[in-house]
Amino acid sequence: MVHVTERAREMFEDQLDHASDGPDLTLRIGAIESGLGVFPDTRKDDDQIIEHHGKTILVFDREVSEVLAGRTIDVEEHSDGAHLVLRK
């Protein structure tokens with residue numbers, strides 16, 4: 001199972017609020033050329049769903065769930081702003 005901290009949920013919700021083009025749009029963790037990335041997408045039937053304040057803010061498929069199993073998605077502050085990080 002993947003754990004998402006409250007702070008990361010808030011960051012995803014904020015990103016989604018700024019990117020939203022409709023009620024069905026959410027953010028997805030999925031494969032990109034350089035590994036995994038976060039991008040706007042729609043929910044699919046077999047997705048794992050992360051909610052915040054009753055709203056779906058993040059989804060990922062079974063394959064990504066297996067890659068991230070046992071990890072925590074969190075936020076870390078850097079001099080150039082907040083960054084998402086994966087923790088064991």
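Residues 24 or more positions apart account for 47% of the contacts in the protein with a separation of 6 or more, a contact being heavy atoms within 4.5 Å. This is a predicted model, in which local features need pLDDT of at least 70 and side-chain atom pairs count only at pLDDT 80 or more, while totals for chains, interfaces and linings use all residues. Residues are numbered from 1 along each chain as its sequence is written, and side-chain values use heavy atoms, with hydrogens and water left out.

**Overall architecture**

- The protein has two helices and seven strands, where helices (H or I, at least four residues) and strands (E, at least two) are DSSP runs numbered from the N terminus.
- Along the sequence, these elements follow the pattern β-α-β-β-β-β-α-β-β.
- The radius of gyration is 12 Å, close to the 12 Å that the globule rule gives for 88 residues, so the protein is as compact as a globular protein of that length. The radius is taken over C-alpha atoms, and the rule is 2.2 Å times the number of residues to the power 0.38.
- Along the principal axes, the C-alpha atoms fill a box of roughly 35 × 30 × 30 Å.

**Surface and burial**

- The protein exposes about 5700 Å², of which carbon and sulfur atoms supply 46%. Accessible areas come from the Shrake-Rupley method with a 1.4 Å probe, and for residues only the protein chains shown count as cover.
- Of the 88 residues in the protein, 36% are buried. Buried means under 20% relative accessible area, exposed over 50%, and partly exposed in between (1.4 Å probe, protein chains only).

**Helix α1**

- Helix α1 has 14 residues and reaches 20 Å from its first C-alpha to its last, close to the 20 Å expected at 1.5 Å a residue. The expected span is 1.5 Å times one less than the number of residues in the helix.
- Its buried residues are Ala-8, Arg-9, Met-11, Phe-12, Glu-13 and Leu-16.
- An α-helix has 3.6 residues a turn, so residues three or four places apart point the same way.

**Salt bridges**

- The structure holds seven salt bridges, each defined as a side-chain nitrogen of Lys or Arg within 4 Å of a carboxyl oxygen of Asp or Glu.
- One of them joins the side chains of Arg-7 and Glu-77 (2.3 Å, N to O). This pair links distant parts of the chain, with Arg-7 in helix α1 (residues 6-19) and Glu-77 in strand β6 (residues 72-78), 70 residues apart. Arg-7 is partly exposed at 40% relative accessibility, and Glu-77 is partly exposed at 48%.
- Asp-17 and Lys-55 form another salt bridge through their side chains (2.8 Å, N to O). Here Asp-17 of helix α1 is linked to Lys-55 of strand β5 (residues 55-60), 38 residues apart. Asp-17 has a relative accessible area of 47% and Lys-55 one of 30%.
- The side chains of Arg-28 and Asp-41 also meet in a salt bridge (2.5 Å, N to O). Arg-28 lies in strand β2 (residues 25-32) and Asp-41 in strand β3 (residues 35-42), so the pair ties together parts that are 13 residues apart in sequence. Arg-28 is buried, with a relative accessible area of 6%.
- Through shared partners, salt bridges join Arg-28, Asp-41, Lys-44 and Asp-47 into one network.

**Thr-72 in strand β6**

- Thr-72 is located in strand β6 and counts as buried at 19% relative accessibility.
- Leaving aside residues up to four places away in sequence, Thr-72 touches His-3, Thr-5, Val-85, Leu-86 and Arg-87.
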